[in-house]
Amino acid sequence: MKKAITLLFLSTLAAPALADECALVIEGNDAMQYNLKEMSVPATCKEVTVTLNHTGKMPVTAMGHNWALANTADYQAVATAGMSAGADNNYLPKDDPRVLAHTKLVGGGESTSVTFKTDGLAGKDLTFFCSFPGHFAMMKGTFKVG
Ligand code: CU
């Protein structure tokens, strides 16, 4: 009897939560890495929420991370322009339409999220990246809508 109850309890814990397919979570760490190389949402998502968890311990000034989205053809130029935009602008060019969405910069132990509309993004070749200086070469991946 006791064993049956334990098993029931474990299976409840293991049951997957009803995931919201329009909400994605990604991690960044102190080794300058995201835990994902690809992210995607179905085209039925009108809005997407991306949450970035910095799982490291280093401060934002040394190992800050954000999550930015651009067309793959644009992201390197956006990241380069972001370096001169400075930390106050999350290392992203201000009011630049090439930046399709972005979070703020966070340091170790912090989280941030951004919600954006998917209008016009379906089928596009998109890249997500961290715009902290020097990070985008390692911290990037593909993003797909639909
Ligand atoms: Cu970073």
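Reader: What spacing do the donors of the copper ion follow along the chain?
Author: The spacing is H-x64-C-x4-H. Donors here are N, O and S atoms within 2.8 Å of the metal (3.2 Å for Na, K and Ca); water is not among the atoms, so sites may look incomplete. This is a predicted model, where local features need pLDDT of at least 70, side-chain atom pairs count only at pLDDT 80 or more, and totals for chains, interfaces and linings use all residues. Residues are numbered from 1 along each chain as its sequence is written, and side-chain values use heavy atoms, with hydrogens and water left out.

Reader: Which atoms coordinate the copper ion?
Author: His-65 through ND1, Cys-130 through SG and His-135 through ND1, at 2.1 Å. His-65 and His-135 link distant parts of the chain, 70 residues apart. His-65 is in the loop between α2 (60-63) and β4 (68-71), and His-135 in the loop between β7 (126-129) and β8 (140-145). Helices (H or I, at least four residues) and strands (E, at least two) are DSSP runs, numbered from the N terminus.

Reader: Are His-65 and His-135 buried or exposed?
Author: Both are buried. Buried means under 20% relative accessible area, exposed over 50%, partly exposed in between (1.4 Å probe, protein chains only).

Reader: Backbone next. What is the phi of Met-32?
Author: Near 60°, a positive value in a residue other than glycine. Most residues other than glycine have a negative phi.

Reader: Where is Met-32?
Author: In the loop between β1 (23-28) and β2 (38-41). Met-32 counts as partly exposed because its relative accessibility is 22%.

Reader: And what about the phi of Asp-95?
Author: Positive, about 50°, and Asp-95 is not a glycine. Asp-95 lies in the loop between α3 (75-85) and β5 (101-102), and is exposed, with a relative accessible area of 75%.
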